Amino acid sequence: MRRQRTGLCASLFLIASSIAPAFAEIVIPSLTYRTGPYGGSGVPYSDGFTDYLTLLNERDGGINGEPIKVVECEYGYNTEKGLECFDETFEQGALLYHPMSTGLTYQLIPRANELGVVMHTMGYGLTAAADGGMFPYAFNFPAHYWHAASAQIRHIKETEGGDLTGKKIVHMYHNSGYGKEPIPTLEKLADIEGFELVLAPIDHPGEDQTAIWPDVMAQSPDYILLWGWGIMNEVALKSAAKADFPMDRMIGVWWSANEGDIKPLGKRGDGYKAVTFHAVGTSFRIFNEMNMLVYQTNKARGELNNIGDVLYNRGIMAAIFATEAIRLAMEIHGTTDVTREMIRDGYEQLNFSEETFASLGMEGFIPDVSISCENHAGAGLVAVKQWNAVVRRWEQVTDYYEPDDALIDPQVATASETFAESAGMTRRGC
């Protein structure tokens with residue numbers, strides 16, 4: 001049964017990225033949160049996502065000549081409002097989704113499966129969705145939460161000369177599905193590597209951390225893993241600096257490492273580290289076109305100084321995967337009038353080489369990505385970056401780590417069956 005309109009999305013903010021005909025069929029929703037405690041993280045990602053789609057309309061007339069219409073719906077990182085946005089944009093003809101929330105993703109996976117519409121939860125969401133045979137419409141490439149946790153611990157182990165015995169590592173996390181996702185992997189790694197894992201949950205929205213930091217510092221941790229979002233990140237980093245915790249021993253996940261999280265610390269933020277599944281910086285050819293065709297023509301959703309920021313670039317990356325999956329679906333099925341089911345075929349047959357990204361103006365941005373029915377998570381390659389407070393930018397300090405498949409794959413298999421059973425889903429198989 002369709003939910004009753006509450007007015008949240010009844011007056012959707014429609015962005016016509018070019019003067020497109022009213023019958024444009026490539027409808028791509030942007031579920032956003034531009035206000036509240038998570039707005040600082042939600043805005044740059046959404047801006048990058050929309051600005052890239054605008055670039056395609058301005059430069060190419062859309063995808064293979066079919067204009068793109070972006071339908072933006074604000075849900076404030078509130079799961080119930082996010083479900084309303086999904087219903088409203090689905091009726092608008094939305095062809096695919098990027099929920100930008102792990103909690104919302106949990107709720108949408110069974111519904112997306114029932115309706116036959118793709119969700120690409122890039123680096124977030126349900127980790128078990130890597131199992132394409134069980135979750136045919138959910139994709140979480142190029143890496144997921146368990147890849148991130150594994151890479152964090154591997155980097156710490158390298159830093160410690162190959163031995164973590166007796167070390168104490170605090171997992172400081174947003175007390176939600178997002179923050180809890182890596183705990184099974186961290187617990188297994190603690191058993192294998194001999195370190196002590198301390199859990200430090202921080203409740204939504206994470207602005208008040210006065211009670212938890214004295215407890216954390218009393219533990220005398222060797223390292224802190226930061227899994228926050230929005231305002232929680234900035235408060236946690238400022239609290240660590242105030243407590244004189246060494247910033248190079250605090251390692252964030254990729255959602256805890258935006259410029260807006262670390263710049264307010266000034267020089268005190270120097271040395272903070274985080275994992276990443278893509279390169280950093282502004283040295284990509286695509287920004288010349290975006291500046292000329294989107295910013296200089298006053299068609300940008302974002303601000304010019306967003307270019308090169310981590311989350312803005314990640315929004316561009318999500319838009320590239322979406323539009324190239326649509327382009328591939330058109331090729332596979334021999335039509336520009338693609339359906340949601342056809343787009344799923346496009347996602348499942350994506351095969352991106354570094355040369356592919358170079359041809360799109362994002363040379364060196366990400367390692368090769370290859371998706372199949374069995375594997376919706378990609379290769380799971382993860383690197384480490386570090387904040388240089390002098391030049392005020394991120395610098396990649398490691399090569400990409402290969403995932404620990406022997407540890408992760410059995411976890412994915414078990415978690416996949418558990419979630420599917422609770423959601424009443426059955427395996428489609430490959």
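In β9, His171 has Leu225 as its bridge partner. Strands and helices here are DSSP runs numbered from the N terminus, with at least two residues (E) for a strand and at least four (H or I) for a helix. Two strands count as paired if DSSP finds at least two bridges between them. The model is predicted: local features need pLDDT of at least 70, side-chain atom pairs count only at pLDDT 80 or more, and totals for chains, interfaces and linings use all residues. Residues are numbered from 1 along each chain as its sequence is written, and side-chain values use heavy atoms, with hydrogens and water left out.

β7 and β9 run parallel and are joined by 5 bridges. β7 also pairs with β8 in the parallel sense, over 7 bridges. There, Ile169 stands opposite Leu197 of β8. Of the 7 residues of β7, 7 are buried, so the strand is largely enclosed by the rest of the structure. Buried means under 20% relative accessible area, exposed means over 50%, and partly exposed lies in between (1.4 Å probe, protein chains only). Both faces of β7 are covered. One side carries Lys168, Val170, Met172 and His174; the other carries Ile169, His171 and Tyr173.

## The seven-stranded sheet

The sheet is open, has 7 strands and shows mixed pairing. Its order is β8-β7-β9-β10-β11-β14-β15. The edge strands, β8 (196-202) and β15 (393-396), each pair on one side only. Neighbouring strands are turned by 25 degrees against each other on average, direction ignored. Axes are lines fitted to C-alpha atoms, for helices over the stretch in contact; angles run from 0 to 180 degrees between N-to-C directions.

Helix α6 (residues 183-193) packs on this sheet and touches β7 (168-174), β8 and β9 (223-227). The direction of α6 makes about 160 degrees with that of β8. Elsewhere in the sheet, β11 (residues 273-276) and β14 (residues 383-388) pair in the antiparallel sense over 4 bridges. Thr276 has Ala383 of β14 as its bridge partner.

## Helix α8

The 12 residues of α8 (residues 231-242) should span 16 Å at 1.5 Å a residue, and the end C-alpha atoms are 17 Å apart, which agrees. The expected span is 1.5 Å times one less than the number of residues.

The helix is mostly covered, with 9 of its 12 residues buried. Among them are Met232, Val235, Leu237 and Ala240, and also Asn233 and Glu234. The buried residues pack against β7, β8, α7 (212-218), β9, β10 (250-252) and α9 (259-262). Asp244 follows α8 and has a positive phi, near 60 degrees.

## Nonpolar cores

A nonpolar core is a set of buried Ala, Val, Leu, Ile, Met, Phe, Trp, Tyr and Cys residues joined through side-chain atoms within 4.5 Å. The largest has 117 residues. Those with the most contacts inside it are Tyr52, Phe135, Trp255, Phe321 and Tyr347. Helix α11 (residues 310-333) gives the most to this core, with 14 residues. Phe321 is in contact with His120, Met122, Phe141, Tyr347, Leu350, Phe352, Phe357, Ile366 and Val369, leaving aside neighbours within four places in sequence. Contact means heavy atoms within 4.5 Å. Apart from this core lies another, of 28 residues, including Val170, Ile224, Met232 and Val310.

His98 sits in the loop between β4 (96-97) and α3 (102-115). His98 is buried, at 5% relative accessible area. Not counting residues up to four places away in sequence, His98 touches Leu31, Tyr45, Phe49, His120, Tyr124, Ala318, Ala322 and Tyr347.

## Backbone exceptions

Most residues other than glycine have a negative phi, and most peptide bonds are trans. The bond from Phe141 to Pro142 is cis, with omega near 10 degrees. Pro142 is in the loop between β6 (138-139) and α4 (145-159). A cis bond also joins His204 and Pro205, with omega about -5 degrees. Pro205 is in the loop between β8 and α7.

Tyr77 is not a glycine, yet its phi is positive, about 60 degrees. Tyr77 lies in the loop between β3 (68-74) and α2 (79-91) and counts as buried at 15% relative accessibility. Arg392 also has a positive phi, near 60 degrees. Arg392 is in the loop between β14 and β15 and is partly exposed, at 45% relative accessible area.

## Confidence

pLDDT is the predictor's confidence in each residue, from 0 to 100. The protein has a mean pLDDT of 93, and 94% of its residues reach 70 or more. Over residues 1-24, pLDDT stays under 50. For that stretch the model has 46 contacts beyond four places in sequence.
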